Amino acid sequence: MGGLGLICLLLYKSMEGSMLVIADSFASMGAFADAFGMSTLSIGTVGGYFATEIGTIHGLGSGMFAACLATPLLSKEEEAHTADFTYTLPVSRQRVLHAKALYMVCSLLLFTFVCFLFYLAGFLLLGEAVPYPELIHFMCAQLLMDLVIAGICYVISACTRKTKLGIGIGIAMFFYAYDLMSRILPALRKYKLFSPYSFANATDIFAHKKIPTAGISLGIFVILLSFLFSQILYIRKDLSC
């Protein structure tokens, strides 16, 4: 993910001249421009280019990564019959849940940090000023968004006997699509906080728009609730070994 973003960022120099020419055209594309933030940021600047292009790629990719990471974490123990061995040991289900949740969080932290280093290298290699406040804000918001998606998928993993990877990826893509639609349709605009992408949108962050604190609070609540539900469901679950 970070490597793909770095390559796209390094392409900016070769397209800088043409970007300046077509920036106004993109900004006037109505609903398309509103959905991808091109009406608020110019893709003719390196910051606007990063937010509208790399930010969009990273948002979708990191959400799908979180889903792919969390969805099989618990269910694969039954599907692959490794539970036959794991639960013959003096290890409680609660300890397994906590260890896997910790692994999930650490993996997402590492993923976010590595991607941040790639994007930072991209700005430095371009010889452009690094927008540290916006970039750090974006990566932290993306991490929180990933934790929300991972938390929901962790609950699915706790209550299923087989890996439902398609459902996990579908959840990530639904939230992404819902966020796009809420930026286009006025009727959905006031409900966009129901998608974790609402507070992690790169164009909003780089354009210094007001980030919905209600969306952040809801995201943190979903993370805590997901962890609680995963414990209740998995501890009471009749394991199929």
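1. Helices (H or I, at least four residues) and strands (E, at least two) are DSSP runs, numbered from the N terminus. By this assignment the protein has twelve helices and zero strands, and from the N terminus on its elements run α-α-α-α-α-α-α-α-α-α-α-α.

2. The model is predicted: local features need pLDDT of at least 70, side-chain atom pairs count only at pLDDT 80 or more, and totals for chains, interfaces and linings use all residues. Residues are numbered from 1 along each chain as its sequence is written, and side-chain values use heavy atoms, with hydrogens and water left out.

3. Of the 241 residues in the protein, 48% are buried; buried means under 20% relative accessible area, exposed over 50%, and partly exposed in between (1.4 Å probe, protein chains only). The protein exposes about 11500 Å², of which carbon and sulfur atoms supply 71%. Accessible areas come from the Shrake-Rupley method with a 1.4 Å probe; for residues, only the protein chains shown count as cover.

4. Contact means heavy atoms within 4.5 Å. Among contacts between residues at least 6 apart in sequence, 73% join residues at least 24 apart.

5. The largest nonpolar core has 57 residues, and Leu9, Phe50, Met104, Leu108, Leu135 and Ile149 have the most contacts inside it. Two or more residues each come from helix H1 (2–10), helix H4 (46–70), helix H7 (93–126), helix H8 (132–159), helix H9 (165–184) and helix H11 (202–206). H8 gives the most to this core, with 14 residues. A nonpolar core is here a set of buried Ala, Val, Leu, Ile, Met, Phe, Trp, Tyr and Cys residues joined through side-chain atoms within 4.5 Å.

6. Which residues does Leu9 touch, not counting those up to four places away in sequence? Leu9 touches Val46, Tyr49, Phe50, Ile54, Tyr119, Gly122, Phe123 and Leu126.

7. The whole structure holds ten aromatic pairs. Rings of Phe, Tyr and Trp (its six-membered ring) pair if their centres lie within 6.5 Å; planes under 30 degrees apart count as stacked, over 60 as edge-to-face and the rest as tilted. Phe65 and Phe111 form a stacked pair, 4.4 Å centre to centre with 15° between the planes. Phe65 lies in helix H4 and Phe111 in helix H7, so this pair ties together parts that are 46 residues apart in sequence. Phe65 counts as partly exposed because its relative accessibility is 29%, whereas Phe111, with a relative accessible area of 13%, is buried.

8. Tyr176 and Tyr197 form an edge-to-face pair, 5.5 Å centre to centre with 75° between the planes. This pair links distant parts of the chain, 21 residues apart: Tyr176 is in helix H9, and Tyr197 is in the loop between helix H10 (186–189) and H11. Both Tyr176 and Tyr197 are buried.

9. Ser107 is placed in helix H7. Ser107 has a relative accessible area of 16% and is therefore buried. Leaving aside neighbours within four places in sequence, Ser107 is in contact with Phe65 and Leu69.

10. On the surface, Phe221, Leu225, Leu228, Phe229, Ile232 and Leu233 form a nonpolar patch with about 510 Å² of accessible area together. Phe229 is found in helix H12 (residues 213–236) and counts as partly exposed, at 43% relative accessibility. Patches are made of residues with over 30% relative accessible area and no salt bridge; like charges are joined within 9 Å, and nonpolar side chains (Val, Leu, Ile, Met, Phe, Trp, Tyr) within 5 Å. A salt bridge is a side-chain nitrogen of Lys or Arg within 4 Å of a carboxyl oxygen of Asp or Glu.
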